[in-house]
Amino acid sequence: MPKAVGVSVDAMIEDLRTLVEVESPSRDLDALRTSAGTVAAVVETRLGGKAVLVESEGGPHVHWSGGGTPRVLILGHHDTVFPLGTLARRPFLVEDGRATGPGVFDMLGGLVQAIHGLAALDDRSGVEILVTADEEVGSRSSRALIEERALACGAVLVVEGAADGGGVKTSRKGCGTFEVSVAGRASHAGLEPAAGVNALVEAAYQVLDIAALARPEVGTTVTPTVASAGTLDNVVPARATVVVDVRVESAAEKERIEAAFAALAPHLDEAVITVEGSVGRPPMPESAAAELFAVARRLLPGLEGRAVGGGSDGNFTAALGVPTLDGLGAVGGGAHADHEYLLVGSMAERATLVAGLVDAIRSA
């Protein structure tokens, strides 16, 4: 294993508690501002230097540099999917080898481990940390900054939660969200239903057309997830919307799906279809992780690499051709769920792995 002496699990638990107990739901700018300040304080306490808050419409991002020529970017986020008040119902707790609480696995545990791994190194030059505020909602305000720092550093370690069983993530599907809106015409459902254009019926046709775009044999999933229509039970609905989750493994499938959504056509006379969205996160191919994964396996023999369906900010950096290894964060599970947990016994090993990768990248 890499040279990283003095990683303290107790200290990591202390910092993890600090971060978890500052709730940080995406899009809540006040909460994110407090969270960013807390992350910055932990970084400065453990690593020294100055953690800069980069303001954006999505909330403050936290950027820290160890000085010298940039060589490696440690990438994470401090926003979570849990609304304010979740902590009161699910407080931070360490019991039977597990830490629980909102965000412990996705992905506050990974941030803490990376910070403590770096703190155990005598030399922190060439390392940057970027902790964004809007990853869970698409990274619209952070993408340009992520790409800028990834290109400047030349290698990216993403400290998102590990894959099942503790593996790292060597490829990810591209993912995106589409919203299909249907405009029809209202009329009285009893007196003159034929005078209307039923947006709900049109949306039903569209759902079937959309679902048929999936090609699971090549890893493409197209899943209608949210629908809404209508105003009253005796009114032909004039409007309907369908939200669709899309995952793809290749750039060719990304292009096919986006073209298919753009070409959606109405089935009912006078209905109008409008489509918004795209496959916003490009696929992360295994080739982007190959070099760094080989290094990680030398440091931790037996470490597995997994292809996963979920996206991360590593999708953006990999698409630029920057070597990117993901899933280096907490070992645990239950991301986005009430049973989210982190395995305390793996924290020191993962912190040391990040430190070893940093050393290996800088010495290459």
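Modeller: The model is predicted. In it, β10 and strand β11 (residues 239-248) run antiparallel and are joined by eight bridges.

Colleague: Which residue of β11 stands opposite A227?

Modeller: β10 spans residues 221-229, and its partner β11 covers residues 239-248. Within β11, the residue facing A227 is V242.

Colleague: Which are the edge strands of the sheet?

Modeller: The sheet is open and has four strands with antiparallel pairing, in the order β10-β11-β9-β12. An edge strand pairs on one side only, which here applies to β10 (221-229) and β12 (272-281). The edge strands are therefore β10 and β12.

Colleague: What angle does helix α7 make with β11?

Modeller: Helix α6 (residues 199-211) lies across β9, β10, β11 and β12, at about 10 degrees to β11. Helix α7 (residues 251-262) touches β9, β10, β11 and β12 as well. The direction of α7 makes with that of β11 an angle of about 170 degrees.

Colleague: Which element supplies the largest share of the largest nonpolar core?

Modeller: This core has 62 residues, and L16, I74, L118, L325, L328 and L357 have the most contacts inside it. Elements that each supply at least two of its residues include α1 (9-20), β3 (72-77), α4 (104-119) and α10 (347-363). The largest share, nine residues, comes from α4.

Terms used: Residues numbered from 1 in each chain as written. Predicted model: local features only at pLDDT ≥ 70, side-chain atom pairs only at ≥ 80, totals over all residues. Heavy atoms only, no water. Core = buried A, V, L, I, M, F, W, Y, C linked by side-chain atoms within 4.5 Å. Buried < 20%, exposed > 50% of the residue type's maximum accessible area, 1.4 Å probe, protein only. Pairing = 2+ DSSP bridges. Contact = heavy atoms within 4.5 Å. Axes fitted to C-alpha atoms, helices over the stretch in contact; angles between N-to-C directions.
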